[in-house]
Amino acid sequence: MLTDLLTALGLVLVIEGCLYALVPSHLRKMIQAMGALSDDQLRLGGLAAMVLGVVVVWLVRAA
C-alpha cells in the first residue's frame with residue numbers, strides 16, 4: 001500500500017511539473033483567477049476534485 005501511495009504522489013508531481021514546464025503563463029493566470037474565488041467556491045472545487053479522484057481510483061481498481 002505504501003508503494004501505491006508513493007507512486008500516486010510521484011505521478012502528481014510529474015503532472016504538476018508538466019504544467020509548470022509547458023504552460024507557465026497559463027498556470028500563472030489560473031492562479032491569479034483563483035484569488036478572485038471565495039473560500040466556499042474553492043472548497044467546493046476541492047471537494048469535487050476529491051470525489052472525482054476517488055471515483056477514478058475506484059474504477060481503475062475494480063477493473
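**Note on salt bridges, a pocket and a surface patch**

1. Asp4 and Arg61 join their side chains in a salt bridge, with 3.0 Å from N to O. A salt bridge here is a side-chain nitrogen of Lys or Arg within 4 Å of a carboxyl oxygen of Asp or Glu. The pair connects distant parts of the chain, 57 residues apart: Asp4 belongs to helix H1 (residues 2-22) and Arg61 to helix H3 (residues 39-62). Helices (H or I, at least four residues) are DSSP runs, numbered from the N terminus.

2. The model is predicted: local features need pLDDT of at least 70, side-chain atom pairs count only at pLDDT 80 or more, and totals for chains, interfaces and linings use all residues. Residues are numbered from 1 along each chain as its sequence is written, and side-chain values use heavy atoms, with hydrogens and water left out.

3. How exposed are the two partners? Asp4 is partly exposed, at 41% relative accessible area, while Arg61 is exposed, at 59%. Buried means under 20% relative accessible area, exposed over 50%, and partly exposed in between (1.4 Å probe, protein chains only).

4. The structure has 2 salt bridges. Asp40 and Arg43 form one of them, their closest N and O atoms lying 3.3 Å apart. Asp40 and Arg43 are about one helical turn from each other, because they sit 3 residues apart in helix H3. Asp40 is exposed at 57%, and Arg43 is exposed at 56%.

5. Which residues line the largest pocket? The lining consists of Asp4, Thr7, Ala8, Leu11, Val12, Ile15, Val57, Val60 and Arg61. A pocket is an open set of points on a 1 Å grid over the protein atoms alone, where a 1.4 Å probe fits, with protein on both sides within 12 Å along at least five of seven lines; lining residues have an atom within 4 Å of a point. The largest pocket holds about 250 Å³ of space.

6. H1 contributes the most to this lining, with 6 residues. By class, the lining has 6 nonpolar, 1 polar and 2 charged residues. Ala, Val, Leu, Ile, Met, Phe, Trp, Tyr, Cys and Pro count as nonpolar, Asp, Glu, Lys and Arg as charged, and the others, Gly among them, as polar.

7. A nonpolar surface patch is made by Leu44, Leu47, Met50, Val51, Val55, Trp58 and Leu59, with about 740 Å² of accessible area together. Patch residues have over 30% relative accessible area and no salt bridge, and nonpolar side chains (Val, Leu, Ile, Met, Phe, Trp, Tyr) are joined within 5 Å. Accessible areas come from the Shrake-Rupley method with a 1.4 Å probe. Met50 lies in helix H3 and is exposed, at 55% relative accessibility.

How values were computed
Helix = DSSP H or I, 4+ residues; strand = E, 2+ residues; numbered from the N terminus. Points joined across faces, edges and corners; volume = space filled by probe spheres on them. Patch = residues over 30% accessible without salt bridge, like charges linked within 9 Å, V, L, I, M, F, W, Y side chains within 5 Å.
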